[in-house]
Amino acid sequence: MIELQGLTKRYGDKLAVDGLTCTVRPGIVTGFLGPNGAGKSTTMRMMLDLDRPTAGSVHLDGKHYRQLRDPLKVVGALLDAKAMHGGRSAYNHLLCLAQSNGIPRARVAEVLDTVGLTSVAKKRSKGFSLGMGQRLGIAGALLGDPQVLLFDEPVNGLDPEGIHWIRNLMKNLASQGRTVFVSSHLMSEMALTAEHLIVIGQGRLLADTSMADFIAQNSRSYVRLRSPERERLLDVLSGSGITAVTAGDGSLEVDGADGARLGELAARHQIVLHELSPQQASLEEAFMQLTAESVEYHAHSAPAPGPAPGPQPPGSGWGTDWQKKGS
Amino acid sequence: MTAPQHPQPAAPQAPAFAPEAPQWTGGYLSPIPVRKATLADALASEWTKIRSLRSTMWTLGVMVALVFGIGCAIAAAATAVDDNGGGGKDMSALSFGVFGVLLGVICVITLGVLTISSEFGTGMIRTTLTACPNRARVLTAKAIVFFLLVFTITLVSTTLVGMVAESMLQGQWTDRTTGEMWLRATVGVSLFVALIGLLALAVGTIVRHSAGAITAMLGLMLLPLVMTMFMYASALSEVRKFLLQYSIPYELFVLFASGTDGPDSSGPTGWDPVWIMMGVVAVALGGAYAALMKRDA
Ligand SMILES: Nc1ncnc2c1ncn2[C@@H]1O[C@H](COP(=O)(O)OP(=O)(O)OP(=O)(O)O)[C@@H](O)[C@H]1O
Ligand SMILES: [Mg+2]
């Protein structure tokens, strides 16, 4: 159980985390979502007492991190993939961690085996790939067999097999009654692992909800219909008690209907259909809508096509100048 | 939906848990025995860290080579010199060790700084502090391990150099060597060098950047000597003398060479350099503890 109480962190002018209050419960995987720079890593660093909060507090099972006598046996954390000295071997990296908390040496070999790094245990971590570094970090988190686990973007750099593995690992850890708190940018990834969601944007809490609720509220499933005889189709549908909405592009959208039934209905009235497709609004879209106002770092894919100076004839765009010169 | 929904159970500000009964509802209990981590655990951890880096081994190897190699080479050169005319009455066969140690100090400075600054540079410090949130304990363990390591290695190499020099210079300089001189040129010098190592560790903790901290330490060691070269004005002669006598190379020379009643009793003599350095290190370590405890990692 992790309790955040009005947690706030200010770096100079920048308010990285802004009055965050929420509870992370044991027994389930809790996803921590937010766009880049939302303050996820900062929040996790404050949980571990690495960064001191400007205001507010964090309690782990009722205790402040600093009060823990044997922290690795209570909390395991994966922060940056490479929070380790590259000159040290994987084995020695874990050994020095184990020793600092009086964890038996045999545990080191065990966790190396769990994450699949036994064969490179004696190699210096400098030469590790991103995914290997991530695995070593996860091994460090598991070392003390703790009841609280914090993972900051654990799938970062892992191969598909590794992603599958960490998903199951997190679910297993949670099912043993541990508190598992995972940050991510990917809603779709969280939909597969997390049972509860905490969403932040610009350091503020945007949502604290169960995954099931989030999906129920945000993933609209509907059937899209397109027909040259739109008006007649609308009449037929309303005649059968089905409400259809006209979408912007002239197609019809029917919420929660069965595609087969709609097809049969149209056939019975001999209406030509050009399209009949079941659609699902993705969770990713719902997440982007939720955080839209708080995204700080936008990518700009092209020069904004907005109001260009002076009217331009259609077709004269990019490259026309060059064509003129060439001719 | 976008409004934060506060979970209804467990009122946020009420830590209603009985502190003596660890009750994690449906929580997980590890089979690993739980016991309080202590300074001894931190020492074991720091020792593993320091011995598991190749750079440590290299730097210390170079240091031993410098202290022993240069010490013996200079003693060998001195066999050709007749001391009847030259040489202060403070000189003994042991004094020739000073040059090797002076260069060895540079290795100690580098290693002392890197012991902590490399953790900041790589991000290892976050892992370290997560494993041991008691930051004072982390720095104490690092300081003890590093101090003992440097002290032991310096003691072994200076003792060896001393014995080689004594045997090479039989009958030339050896008659002046007293037991107190022996103690000062081995134990005293080793204490002094290990203290410089602690100073480097403290500076590394405060500065955090390897290059910056090493530069600062080398500046501290060499700048006073360089400055004295430009102080010709007689008005500055007192400052000049002070800078010279309290520069690290001079202090080392005092430990190696001077008798307790040296020719220039205005400056540090005998064991003074060790006490002076202890004071400096105490202040610097105080600053290092404060910096480590206060700042974000
Ligand atoms: N040490 C620091 N000094 C100054 N500003 C910082 C520091 N650490 C973080 N910030 C700022 O705080 C904000 C939150 O950063 P944080 O790393 O917590 O975001 P994040 O949610 O983890 O982002 P990402 O998804 O990209 O990992 C950012 O705007 C960042 O610039
Ligand atoms: Mg982050």
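Domain bounds here come from an automatic or database domain assignment. For chain A, that assignment gives domain 1 (2-216) and domain 2 (221-280). The centres of domain 1 of chain A and domain 2 of chain A, taken over C-alpha atoms, are 47 Å apart. The model is predicted.

Chain B is built from helices. Its secondary structure comes to ten helices and zero strands. Along the sequence, the pattern of chain B reads α-α-α-α-α-α-α-α-α-α. The chain has 297 residues, and buried residues make up 47% of them. Contacts in chain B between residues at least 6 apart in sequence were also examined; 80% of these join residues at least 24 apart. The accessible surface of chain B comes to about 13700 Å². Carbon and sulfur atoms account for 70% of that surface.

Ligand 1 has 15 residues around it. Nearest are Asn36(A), Lys40(A), Ser41(A), Thr42(A) and His185(A). By class, the shell around ligand 1 divides into five nonpolar, six polar and four charged residues. Two elements of chain A, strand S2 (14-24) and helix H1 (40-47), each supply at least two residues of this shell. Helix H1(A) gives the most, with four residues.

Polar contacts to ligand 1 involve both backbone and side-chain atoms. A polar backbone atom of Gly37(A) lies 2.8 Å from an oxygen atom of ligand 1. For Ala38(A), a polar backbone atom is 3.2 Å from an oxygen atom of ligand 1. Arg45(A) contributes a polar side-chain atom, 3.3 Å from a nitrogen atom of the ligand. Taken alone, ligand 1 exposes 630 Å², and the protein buries 66% of that.

Thr30(A) is found in strand S3 (residues 29-33) of chain A. Thr30(A) counts as buried because its relative accessibility is 1%, and buried means under 20%. Neighbours within four places in sequence aside, Thr30(A) is in contact with Val24(A), Arg25(A), Val180(A), Phe181(A), Val182(A), Ala194(A), His196(A) and Ile198(A).

Gly102(A) is placed in a loop, between helix H2 (90-100) and helix H3 (106-115) of chain A. At 18% relative accessibility, Gly102(A) also counts as buried. Not counting residues up to four places away in sequence, Gly102(A) touches Lys73(A), Arg35(B) and Asp41(B). Gly102(A) and Leu7(A) are 95 residues apart in sequence. In space, 31 Å separate the two, C-alpha to C-alpha.

Positive phi values occur at two glutamines of chain A. Phi of Gln202(A) is near 45 degrees, a positive value in a residue other than glycine. Gln202(A) lies in the loop between strand S8 (196-201) and strand S9 (204-210) of chain A. With a relative accessibility of 29%, Gln202(A) counts as partly exposed. Gln270(A), not a glycine either, has a positive phi of about 55 degrees. The loop that holds Gln270(A) runs between helix H9 (259-268) and strand S13 (275-280) of chain A. Gln270(A) counts as exposed because its relative accessibility is 66%, and exposed means over 50%.

Terms used
Residues are numbered from 1 along each chain as its sequence is written. Chains are lettered from A and ligands numbered from 1 in the order in which they are written. Side-chain values use heavy atoms; hydrogens and water are left out. Buried means under 20% relative accessible area, exposed over 50%, partly exposed in between (1.4 Å probe, protein chains only). Contact means heavy atoms within 4.5 Å. Accessible areas come from the Shrake-Rupley method with a 1.4 Å probe; for residues, only the protein chains shown count as cover. A residue is near a molecule or strand if one of its heavy atoms lies within 4 Å of it. A polar contact is a pair of N or O atoms within 3.5 Å; within protein, one must be able to donate a hydrogen and the other to accept it, and residues adjacent in sequence count only if both atoms are side-chain atoms. Ala, Val, Leu, Ile, Met, Phe, Trp, Tyr, Cys and Pro count as nonpolar, Asp, Glu, Lys and Arg as charged, and the others, Gly among them, as polar.
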